[in-house]
Amino acid sequence: MTDYRYMVEQDIPALAELERKYFSIPWSEKSLRNELQNNDSVFIVAETDGVVAGYAGVYLMGFEAGITNVVVDEKFRKNGIGNGIVNRLIEECEKHGVSDITLEVRESNIPALELYKKNGFVSEGKRPGFYDKPKEDAVIMWRRQQK
Ligand SMILES: CC(C)(COP(=O)(O)OP(=O)(O)OC[C@H]1O[C@@H](n2cnc3c(N)ncnc32)[C@H](O)[C@@H]1OP(=O)(O)O)[C@@H](O)C(=O)NCCC(=O)NCCS
């Protein structure tokens, strides 16, 4: 059973651990902790049977918002949790009056590209060399509200 809830201080070590495990340029505990004080961001944690299974955040910028990396710990993948986190972030955006949501993703990251496509994100271009370690282009995706 997986719950989706707001990030709290006690989550920080587990989230920093996920960052180190899965990203070549991980967020530090300090950066994550700063988000707890940020009124313009919302971070959602997925907890499965009391264990942190994944997380992601979104920055609210008026009618637009930007999703950060979404991550699910390997042993919990392919169970709909990534999808659950993205759905919660979209709900949070709608609650805050956001119409258009954007994100960047490595062009080789098929699981993430598929997850975002499934949730209504469409590729609108590339940012050449956006990522380091290894250097790679980013695909820029948007989920725009129908007008
Ligand atoms: C991307 C990621 C978050 C997906 O998490 P997940 O919990 O496994 O995803 P879900 O089980 O909710 O899958 C949702 C959809 O994503 C896509 N997907 C997930 N894993 C996939 C894979 N290995 N290959 C292709 N598509 C995949 C599918 O469309 C899937 O829908 P389906 O189950 O109906 O086929 C996870 O693989 C991850 O943490 N990767 C490492 C970190 C990362 O790269 N994050 C993205 C940075 S932008």
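**A pocket and a central strand**

Student: Which residues lie nearest the centre of the largest pocket?

Tutor: This is a predicted model, where local features need pLDDT of at least 70, side-chain atom pairs count only at pLDDT 80 or more, and totals for chains, interfaces and linings use all residues. Residues are numbered from 1 along each chain as its sequence is written, and side-chain values use heavy atoms, without hydrogens and water. A pocket is an open set of points on a 1 Å grid over the protein atoms alone, where a 1.4 Å probe fits, with protein on both sides within 12 Å along at least five of seven lines; lining residues have an atom within 4 Å of a point. The lining here counts 36 residues, and nearest the centre lie Phe23, Val70, Asn109, Ala112 and Tyr116.

Student: Which element gives the largest share of that lining?

Tutor: Helices (H or I, at least four residues) and strands (E, at least two) are DSSP runs, numbered from the N terminus. Those giving two or more residues to the lining include H1 (12-22), H3 (81-95), S6 (100-106) and H4 (110-118). The largest share, six residues, belongs to H4.

Student: How many residues of S6 are buried?

Tutor: Buried means under 20% relative accessible area (1.4 Å probe, protein chains only). S6 is largely enclosed by the rest of the structure, because the buried residues among its seven number six.

Student: Which strand pairs with S6 in the antiparallel sense?

Tutor: Pairing takes at least two DSSP bridges between strands. S4 (residues 64-67) runs parallel to S6, joined by three bridges, and Gly66 stands opposite Thr102. Arg106 faces Ala138 across the other pairing. That antiparallel partner, with seven bridges, is S8.

Conventions:
Buried < 20%, exposed > 50% of the residue type's maximum accessible area, 1.4 Å probe, protein only.
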